[in-house]
2 protein chains.
Amino acid sequence: MPAPATFLGYIDEHADRFIKRLADAVAIPRRLNAFSVSGDRTHREDVVKMAKFMEDQLKALGVQTRLVDLGTENLEGHEIKVPPAVLGKIGEDPGKKTILVYGHFDVQPAIKSDGWNTDPFTLTIADDGQLIGRGSSDDKGPILGWLNVLEAHKDLGIELPVNLRLVFEGMEESGSIGLDEFIAAEHARGKDGWFHGVDAVCISDNYWLNTRTPCVTYGLRGLVYILVEVSGPTRDLHSGVFGRTVHEPMTDLIALLGKLVTSDGKILVPGVDDMISAADDEEKALYECLDYSIADIEASAGAPIALSDDKIQVLMGRMRQPSLSIHGIEGAFYGAGAKTVIPAKVTGKFSIRLVPPQTPDKINPLVVQYLEAEFAKLNSKNKLRVLLEHGGKPWVADIKHWNYEAAIKATQAVYNKRPDMTREGGSIPVTLTFAETLGVNVLLLPMGRGDDGAHSTNEKLDRSNFIEGTKLLGTYLHEVAAINA
Amino acid sequence: MPAPATFLGYIDEHADRFIKRLADAVAIPRRLNAFSVSGDRTHREDVVKMAKFMEDQLKALGVQTRLVDLGTENLEGHEIKVPPAVLGKIGEDPGKKTILVYGHFDVQPAIKSDGWNTDPFTLTIADDGQLIGRGSSDDKGPILGWLNVLEAHKDLGIELPVNLRLVFEGMEESGSIGLDEFIAAEHARGKDGWFHGVDAVCISDNYWLNTRTPCVTYGLRGLVYILVEVSGPTRDLHSGVFGRTVHEPMTDLIALLGKLVTSDGKILVPGVDDMISAADDEEKALYECLDYSIADIEASAGAPIALSDDKIQVLMGRMRQPSLSIHGIEGAFYGAGAKTVIPAKVTGKFSIRLVPPQTPDKINPLVVQYLEAEFAKLNSKNKLRVLLEHGGKPWVADIKHWNYEAAIKATQAVYNKRPDMTREGGSIPVTLTFAETLGVNVLLLPMGRGDDGAHSTNEKLDRSNFIEGTKLLGTYLHEVAAINA
Ligand SMILES: [Zn+2]
Ligand SMILES: [Zn+2]
Ligand SMILES: [Zn+2]
Ligand SMILES: [Zn+2]
């Protein structure tokens with residue numbers, strides 16, 4: 001059962017109205033330079049207004065709504081309320097599958113002077129159809145896609161083919177405070193809980209691999225973040241007076257950081273790379289058929305610096321291998337110019353992206369043990385401390401599940417193309433929460449393209465991605481319903 | 001001919017008046033929180049007032065003075081006048097030696113909230129005799145020591161045993177702008193030049209090795225400062241998306257920085273350490289008899305991190321060996337917390353302190369060649385640029401010269417101790433300018449102790465160092481005159 005033709009036609013006919021609603025959402029509310037930006041305390045009330053906008057829209061579409069108080073957080077010394085999550089419920093038909101949809105209505109900060117060509121909070125429609133504005137692609141466009149689907153069904157009098165549960169969040173860009181706890185608490189309430197009966201989850205909050213081919217995403221890497229602190233003197237020293245008389249913390253730290261990863265990306269911490277089994281030919285074929293080239297990755301990095309000329313190697317490096325990146329050093333000289341200080345205490349920062357079966361619990365001890373052993377070899381009189389920051393598990397879904405079958409069929413129906421089956425190198429923590437807490441299959445079904453520039457200047461969503469993407473989300477629901485499972 | 005007893009007695013009798021004058025100098029002029037601070041544009045006129053104070057004092061003592069316009073510099077976008085140098089001339093007797101005295105009347109910035117126990121610009125006399133205030137030791141105390149010597153001789157009607165040329169500068173803490181050029185220009189004027197006839201130079205602007213034993217200093221290390229820039233992508237990348245797909249500039253930079261120096265201070269750049277011949281037993285004996293212990297160096301670093309338990313090794317590391325210190329990285333993440341960026345361009349900064357026969361011209365090519373060769377081994381597609389910042393040659397004086405003989409004799413006369421013969425690990429660039437441009441012997445004859453805290457909070461000069469140090473400077477002049485040379 002593909003989506004009814006009337007539905008698809010309705011989306012095309014009402015495209016301009018949908019774009020107008022996206023423009024309203026991007027512009028809500030209007031202030032000097034930041035809107036629905038969850039990371040900025042002075043703009044938190046804007047995020048709350050955006051929550052109200054979502055609630056009003058849902059109510060107008062006949063959705064049963066609920067605002068969830070997610071408590072408070074301490075921001076810059078102020079205890080302030082977290083913007084509420086907006087829940088929606090449609091249908092409790094035991095004969096239908098129940099799909100949980102997640103999205104977020106907060107956005108990254110944006111200031112025109114950062115390099116935007118247009119006002120970031122005025123949706124600008126370019127001649128080529130780009131819809132330019134903060135949140136257009138991440139993630140206001142996709143959540144409005146769901147509204148478009150609901151509106152079409154309501155106006156056309158077509159019954160929704162599944163029961164829907166909507167979770168729209170206003171704190172995704174700021175750590176999703178309170179959301180995991182809410183999901184766990186509701187799940188613990190069993191059949192009285194809000195998530196009771198959910199069969200699968202669909203999240204539209206990532207991007208195509210490229211600008212040409214839609215994708216379905218079934219994996220995310222996890223993360224460990226490690227701080228390596230080396231301290232020696234009680235205060236910064238003058239390198240003229242102390243150079244070659246004392247053990248310098250920077251020398252030791254650089255030696256340790258230099259033992260983590262090779263220039264071509266191999267992780268030197270014993271046991272980390274080894275934990276991953278090699279890809280077999282069947283899996284390699286998955287990467288081979290992705291519509292992505294070395295030229296694509298180099299274009300997006302802006303320079304010919306790919307680790308290999310072999311597309312399969314590079315794609316597997318991003319999707320199914322761990323990676324180790326050194327981010328910086330706290331406590332050392334970082335300014336312009338020349339300073340001859342010997343810093344007293346320096347903290348190197350690096351992270352490792354994880355893939356199954358790696359988890360922070362398995363990786364962190366290997367890293368700590370290795371750093372301590374390598375530090376001991378230095379015979380330094382300085383002191384080492386290894387600190388473990390937040391981490392997250394990787395996630396990979398079963399792509400044989402009907403949830404994926406529906407998404408693949410819907411993509412073929414709307415785009416007349418088989419989707420790229422991708423894994424993302426980064427993380428979307430709530431994905432893992434849904435998968436683990438609710439114990440259901442989770443699907444990432446992106447709307448935007450790889451060059452949308454989420455979190456960057458001149459963020460955009462192509463008009464065709466918004467409109468065809470709306471058709472995709474609706475068609476997916478119909479395909480879900482059509483599968484006997 | 002030791003100094004006349006009447007001179008030494010005069011200094012003791014007028015100690016309180018000398019301290020009062022130091023207090024006036026420290027407090028000139030009074031403003032909110034910074035005084036005679038050459039590095040701060042808003043306080044430049046204070047430095048000019050301090051120059052006038054010095055000129056008035058010198059005139060009152062019958063010294064022929066001259067203010068030297070050193071031109072302008074661009075500070076924070078403003079072209080402003082450099083404070084004048086104050087010159088003084090006493091005597092043109094061809095039967096006397098001519099000694100050039102150098103000191104500076106500008107000081108480092110100081111704000112009470114940085115951790116001062118007292119107002120930094122009010123000279124505070126502690127119960128134990130410490131004279132606490134910015135500039136007390138660096139370098140207002142020593143230049144006022146010279147004034148004390150002149151005043152004693154004038155009041156007592158004792159003829160100065162040498163011709164004196166005084167150079168007091170107001171830009172030492174800010175790069176001595178214009179001074180080298182002035183010295184070179186005057187020297188080029190031959191017998192009409194201001195420096196004509198100078199036989200030797202005496203600079204009192206460093207410190208004892210410890211808190212117990214006076215020293216005479218005959219060497220300074222030079223410096224090269226190197227920037228290692230590695231760049232790859234055109235913008236910062238997300239480590240989730242790009243980790244293990246591209247060559248990361250930080251990985252390459254850390255690898256390069258890790259090949260520079262061992263934890264125990266050995267320099268790995270081929271040819272650098274090798275350029276220094278090993279010390280023979282006679283030279284080692286010089287270090288052995290210095291009044292300095294591993295405990296001293298660890299006390300001043302605040303932690304037991306000395307590179308060796310062998311005092312001779314540690315002292316030679318500071319005084320007669322090159323040292324390499326890594327100062328920091330520009331362009332990487334340096335803040336608190338956790339950020340998962342792959343920085344697009346990072347610049348590592350390190351310096352090497354040089355000792356003869358090393359010079360920037362000899363060392364820089366070795367470093368550049370080595371970095372380029374090591375970078376080539378990485379097989380990275382990133383780009384390397386090595387940038388050379390300002391450098392300076394090392395300096396070592398002939399300690400058999402009568403200038404040193406006089407200083408040693410004067411120390412023994414005043415302190416009843418043989419001075420420690422030291423070389424400093426840092427640099428005082430004007431020392432080399434005098435030595436090379438004028439071609440005469442230069443002597444560093446410090447007044448303060450190793451714990452005076454120049455450039456730090458709670459800078460102090462001990463009362464006994466100020467008073468006995470004044471006697472030392474005067475006695476030195478008489479010893480110079482007494483030597484047949
Ligand atoms: Zn998002
Ligand atoms: Zn985002
Ligand atoms: Zn000084
Ligand atoms: Zn100084």
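**Exercise 1. Aromatic pairs across the fold**

Task: Find how many aromatic pairs the whole structure holds over all chains, then describe the geometry of the pair A:Trp208 and A:Tyr415.

Solution. Searching the whole structure gives 13 aromatic pairs over all chains. Keep in mind as you work that this is a predicted model.

Step 1: take A:Trp208 and A:Tyr415. Their ring centres are 5.6 Å apart and their planes stand at 85°, an edge-to-face pair. The angle settles the label, because planes over 60 degrees apart count as edge-to-face.

Step 2: A:Trp208 is in the loop between strand E9 (200-203) and strand E10 (215-220) of chain A, while A:Tyr415 belongs to helix H12 (residues 402-415), so the pair ties together parts that are 207 residues apart in sequence.

Step 3: check their surroundings. A:Trp208 and A:Tyr415 are both buried.

Step 4: B:Tyr102 is buried because its relative accessibility is 1%, and B:Phe434 is buried because its value is 0%.

Step 5: go back to chain A for a group of rings. One aromatic cluster is formed there by A:Tyr102, A:Phe182, A:Trp194, A:Phe195 and A:Phe434.

**Exercise 2. A charge over a ring**

Task: Work out which ring A:Lys97 lies over, and which ring lies under the charged end of B:Lys97.

Solution. Start in chain A, where A:Lys97 lies over the face of A:Trp402, 5.1 Å from the ring centre. Then turn to chain B: the charged end of B:Lys97 sits over the ring of B:Trp402, at 5.0 Å from its centre.

**Exercise 3. An aspartate in a loop**

Task: Decide whether B:Asp452 is buried or exposed, and find what its side chain reaches.

Solution. Step 1: locate the residue. B:Asp452 lies in the loop between strand E19 (441-444) and strand E20 (460-462) of chain B.

Step 1: read its accessibility. B:Asp452 has a relative accessible area of 1%, so this residue is buried.

Step 2: look for polar partners. The B:Asp452 side chain reaches the backbone nitrogen of B:Arg449 at 3.0 Å, and it makes a polar contact of 2.7 Å with the side chain of B:Lys460.

Step 3: widen the view. Leaving aside residues up to four places away in sequence, B:Asp452 touches several residues, among them B:Ser137, B:Tyr207 and B:Asn458.

**Exercise 4. Annotated positions in chain A**

Solution. Step 1: consult the record.

Step 1: study A:Asp138. This residue is in the loop between strand E7 (130-132) and helix H4 (140-156) of chain A.

Step 2: compare with A:His455. This residue is in the loop between strand E19 (441-444) and strand E20 (460-462) of chain A. A:His455 touches A:Gln108, A:Arg134, A:Asp138 and A:Glu173, not counting residues up to four places away in sequence.

Step 3: follow A:His104 to A:Gly170. These two are 66 residues apart in sequence and 5.7 Å apart in space, C-alpha to C-alpha. A:Gly170 is in the loop between strand E8 (163-169) and helix H5 (179-188) of chain A and is buried, with a relative accessible area of 1%.

**Exercise 5. Where the chains meet**

Task: Find how many residues of chain A are in contact with chain B, and what area is buried between them.

Solution. Count the contacts: 81 residues of chain A are in contact with 81 residues of chain B. Next, take the area, which is about 6,100 Å², with carbon and sulfur atoms giving 55% of it. Finally, find the leading contributors in chain A: A:Arg244, A:Ser263 and A:Ile305 lose the most area to chain B, together 14% of what that side buries.

Key
Residues are numbered from 1 along each chain as its sequence is written. Chains are lettered from A and ligands numbered from 1 in the order in which they are written. This is a predicted model: local features need pLDDT of at least 70, side-chain atom pairs count only at pLDDT 80 or more; totals for chains, interfaces and linings use all residues. Side-chain values use heavy atoms; hydrogens and water are left out. Rings of Phe, Tyr and Trp (its six-membered ring) pair if their centres lie within 6.5 Å; planes under 30 degrees apart count as stacked, over 60 as edge-to-face and the rest as tilted. Helices (H or I, at least four residues) and strands (E, at least two) are DSSP runs, numbered from the N terminus. Buried means under 20% relative accessible area, exposed over 50%, partly exposed in between (1.4 Å probe, protein chains only). A charge sits over a ring if NZ of Lys or CZ of Arg is within 6 Å of the ring centre and within 35 degrees of the ring normal. A polar contact is a pair of N or O atoms within 3.5 Å; within protein, one must be able to donate a hydrogen and the other to accept it, and residues adjacent in sequence count only if both atoms are side-chain atoms. Contact means heavy atoms within 4.5 Å. Buried area is the accessible area (1.4 Å probe) that two parts lose on being put together, summed over both.
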